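Open the structure and keep the sequence beside it. We will walk from a single helix out to the sheets and cores.

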Amino acid sequence: MMELVVEFEPDYTSGKIAKWRSSRTGLQLIMFQKDRPMVDGSFAVATEIHDDSGCPHTLEHLIFMGSKNYPYKGLLDTLGNKAFSNTNATTETDVTRYTLESAGWQSFRALLPVYLDHLVHPTLTDSACYTEVYHVDGEGKEKGVVFSEMQAAENDPISMAIFHAHKLLYESANCAYASETGGLLNALRVLTADRIREFYHSLYRSDNLCLVLVGPVDESEMLETVSAFDDTLPDLPKVSNKRPFVDSGEIPLLEKTLVKKFFFPDTDESSGHLMLVFQGPNVNDHLNVTALYVLLNYLCVSDVSPMHKRLIEIDDPLCSEVDVFDESYLVTEYSLWYSNVPTSELENVHSIIEEVLQAHSDDARREFDLVRMRDIIERERLLAIQTAEMYPSTLARSAVTDFLYGNLDGSTLKSGLGTIKVYYDLAQWSIEQWTAFMRMWLVNRPHVATLAEPSSSLAKKIRIDAKERVRTTRQELGKEGLAKLEEKLQAANEENERKIPDRLLSEFTTPDPTSIKLIESTTATAGTARSPDAPVSGNTIQELVDGDGGETIPLYLHFEHVTSSFCSIKILLSTSAVSEELLPFLKIVLGSMYSTPIELEDGTVLSYEEVVNTLTRETTSYGYLTGYNRDFNETIVIDFELVPERYESVIELISQLMWRTKFDPTRLQVLLDKLLLELADQKRDGNSVLQSAIKQTLLSSRSGALADDELASEKLLKELSDQIERDPMQLISKLELVRQSFFTLNNMRVLVFSDMTRLQRPVSSWARKFVKESGKMVIESTADLHGIPRTLDVLSDEGKSLGGKAYIMPLPSTESSHMSLMTNGPSKFNDRDIPALTVALSYLNLVEGPLWRGIRGAGLSYGAWIQALIEPGRIVFRVDRAAEVVGSIEAARAIAEAYAGVSTSATEEFEGMIIESAVSIIVSDIASDGINAMSAAERKFLQQVLRGRGRQADQDLLEQVRQVTKTQLVDVMRRWILPLFDARKSSVFVVCNPVKSLEISVALEKLGYSVSLDPFDTASLDDENDEDSDEDEDESEASEEVDSSSDEEEDSDDDDDDDI
């Protein structure tokens, strides 16, 4: 029986938090009731281990391979598809969290017992371990989902920095935080199923399991369901089990600062990274934990922080960004990550950081800005409230931390989640208190510094070693030995892939979708957004707007009335308002917008520091994005989040940022240098290179999305960086012209999402503070409103006529391949095929669905999905972290042909039960996209206004997809999906390691594509790479391959990708 431990209502957000514990089994349950569409569950197991075997991570994967009562791989995900749900899991240093996200309580409750059975009664078979963790196939290549995942992580600079830091901090004391819970490659090669089972039995027990539920939970039904599960669990032993970490002794503290340099593989040796790690207070010391996080925020975050001013806001910046990460271990851990440090300056930057900390401590009265610190504290307080309102599932992490390290009586849970009083306490601290605190935790506290240096020789060595391992394996095993391994693999796959009985699937009914409570808002419009036929009667919000001058203002104003303590202002601007000649400079205008001096009407000049501090004080967040809601990428969205009380002052601030900023040569030089430094990371990232190549090929110079792409802009950025020193006015004059054409009233659509009753002057504030200001500099402020441009309008000649072309970008820093195959698709948002196409793609992309099993399950790629991008008019097939790019294409083609009924070898029919699952996932996606009031309002504007789908767009779509027939599914497969796999009608983009480029090139040519190899000079191939591209390319990077299902699901939403 679950017994109530503590119950309370937080003082900063609505909803109740309660904790129960079973005195018989020790099982813990924490609930955060919140009115929202989704129910999120985190099922946590403390996973203390003292080696690098990877048992926690491998076990996380094996849990999803079947259970005692449901002994079928993929059953949990298949049932999740039917129940509007998604499952996933993550392994961290101290905990493994299994997650369940469901649309509505009914869905969550139905799937919960099945999920919990997998946690307490997993099958953990030898065959599952063999395919999922590590094996060698019949060609002598290393494979396995976990192995492939960790291969990438083991050479990632951030992962390597954390690994080395933890070894220095904890290994000498045999503390479990030193362990690589994901598993080192050499350890995974020898890990056995028996060792994993041993680990499971030692820690996967009821008193080491906590269920955390967040959302519209029915408390009585929850207790009934969890109590029934608890009744099946064994009693606690007479001698209490050791509590992981808490009962393992004192955490060792550093006695002196330790420095470790390590190398990561990359052919670009110009810049590396630096990480500093500090040990903080006990995790239950909420005041000091919060104080240290706020202090590091003060020191490191924003353009006016001491670290930024000393390292970034200077001539010749010494890094591109400073990030702060915190880990809630028993003794907290805080990491400072300095990105893209010139390699020759790594040690110097470490010394400078220590000097900055020391200076703030020694001369606090001159150095420490108490006003700014208090602004940051207030902003953090508001962010805590905003997070609890909009993303309450983040509080589940705090609840898991309390399960790991808090008091069993619930006292630390209540003190940690029940109040945010700590922010009021910290706001009273004096300079002396802050500097004494800084000396205690930073200046006089030893730390670990890890210096990550790039090495081209290491990159070469890794490639050679991988090939040599395959050669050695083949020589040692011979053909007979390899054949036996292939037989063993096939036998394991056959055991794992047993068909799920239809009886089990049919017994599990799909919950009623009407039980899902979607968030609604009330629309009102003003100015040029006002429609003559818009209903007014009964709309009190529209009446409120009209009463404040809504019919006369010469500005597009769209309001969504929502239940929220916050206000979101979004301003949509069309890049088509800027001439093609000036468009490349728009990026500079926007990039400098928030950290540039402002000249006020009376002639007073605010320094850039004052501007940044004002933004911190007035908003909870600000910035700009290319595109609206991952769509309409020829639009720029300027975004401000704030409390309603700041509405009028923020509007005034926006007007100043648009029309009164002064383009300062020094500030522009800093921006350009920072952008150039950031290029190093983007050049190392396969997906960034892929998306940039697509834009540069398929978009014209008229495209704002292309102009905003940093890799495409590298040459211009370098030219401007040189020019700003010689003749700054030449650049500034162009920036002024951009501003004058871009920031005009007829190029703006202003969206306001808020509780409208809390805005004193929702319309007239814009007239007084914004329209008035714009009129001083904008001549045609009442001209016709600029249209929202489409990607279709800015295509290059090649973008207009896809077909027959393949582009291969060799990238030495990536060990696996990324691919985008695309053809023309429907481009009208109300196209008659959209409902059937939506269902067909949902069907193909299901977890444990056709593409999952045919590509991921066959070890061809870690992720594969097809999506319809209506705004640019594209159908796109994506593979991510692929072992075999062309193999993935051929497998997807076979699947598409089978379901389209044109295959000569096999035919597949769309099954009614799986169609039902596909529709359920569409329901879940819609609910998830409107997970809070602001995101629901954002989606409503997207559907209703930008896409023109009407006031009931989502409801209409849900009704339409339920009516889709099998005949319609076959029809859209033939019309839209099959052309993907016709080389005459599709184009393909691939990013891969140089040793794979020749192999892929030859294979794509055989498919009928004309191949351009390295068209953007991404590889800079030297003798080393040519040497690796010889006749043995088929042996290279064998362990990239992934060969069965994993619990980590790929995102295949039709709007989530950048492909055009």
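Start with helix α29. Six of its residues to look at are Leu731, Ile732, Leu735, Val738, Arg739 and Phe742, and they are buried. Where do these buried residues fall when seen down the axis of α29? They lie within an arc of 115 degrees, so they line one face of the helix. Keep in mind that this is a predicted model.

The helix itself has 15 residues. From first C-alpha to last, α29 reaches 21 Å, close to the 21 Å expected at 1.5 Å a residue. Several elements cover its buried residues. Among the strands are β17 (567-574) and β21 (631-642). The helices include α22 (586-592), α24 (647-659), α25 (665-684) and α28 (714-726).

Now zoom in on Phe742. It sits in α29, which spans residues 728-742. Is Phe742 buried or exposed? Its relative accessible area is 0%, and buried means under 20%, so Phe742 counts as buried. Beyond its sequence neighbours up to four places away, Phe742 touches Leu573, Ser574, Thr575, Val578, Leu586, Leu590, Ile636 and Asn747. Phe742 and Leu583 are 159 residues apart in sequence, yet their C-alpha atoms are 9.8 Å apart in space.

At one end of the order, β20 and β21 run antiparallel and are joined by seven bridges. Which residue of β21 is the bridge partner of Leu625? That partner is Val637.

Move to another sheet. This one is open too, with seven strands in the order β1-β2-β3-β9-β4-β6-β5 and mixed pairing. The edges are β1 (2-8) and β5 (85-91), and each pairs on one side only. Neighbouring strands of this sheet are turned by 15 degrees against each other on average, direction ignored. Thr91 stands opposite Thr96 in β6. A helix lies over this sheet as well. Helix α15 (residues 394-405) lies across β2 (17-22), β3 (28-33), β4 (38-46), β6 and β9 (209-215). It runs at about 25 degrees to β4.

Loops deserve a look too. Ser179 is in the loop between α6 (157-170) and α7 (185-190). Ser179 is buried, with a relative accessible area of 9%. Leaving out residues up to four places away in sequence, Ser179 touches Ile49, His50, Asp51, Asp52 and Lys167.

Next comes strand β14, residues 448-455. Eight of its eight residues are buried. Val448, Thr450, Ala452 and Pro454 point one way from the strand. Ala449, Leu451, Glu453 and Ser455 point the other way, and all are buried. Which partners does β14 have? Strand β10 (residues 258-265) pairs with β14 in the parallel sense over eight bridges. Strand β11 (residues 271-282) pairs with β14 in the antiparallel sense over five bridges. Ala452 links to both partners. It is the bridge partner of Phe262, and His273 stands opposite it.

Finish with the cores. The largest nonpolar core has 181 residues. Those with the most contacts inside it are Leu295, Tyr338, Trp434, Phe877 and Leu1004. Apart from this core lies another, of 66 residues, among them Ala18, Leu27, Ile63 and Cys129. Which residues does Leu1004 touch, not counting those up to four places away in sequence? They are Ala806, Ile808, Val886, Ile889, Val988, Val990, Tyr1009 and Val1011.

Key
Residues are numbered from 1 along each chain as its sequence is written. This is a predicted model: local features need pLDDT of at least 70, side-chain atom pairs count only at pLDDT 80 or more; totals for chains, interfaces and linings use all residues. Side-chain values use heavy atoms; hydrogens and water are left out. A nonpolar core is a set of buried Ala, Val, Leu, Ile, Met, Phe, Trp, Tyr and Cys residues joined through side-chain atoms within 4.5 Å. Buried means under 20% relative accessible area, exposed over 50%, partly exposed in between (1.4 Å probe, protein chains only). Contact means heavy atoms within 4.5 Å. Helices (H or I, at least four residues) and strands (E, at least two) are DSSP runs, numbered from the N terminus. The expected span of a helix is 1.5 Å times one less than its number of residues. The arc is that of the directions from the helix axis to the C-beta atoms. Two strands pair if DSSP finds at least two bridges between them. Axes are lines fitted to C-alpha atoms, for helices over the stretch in contact, and angles run from 0 to 180 degrees between N-to-C directions.
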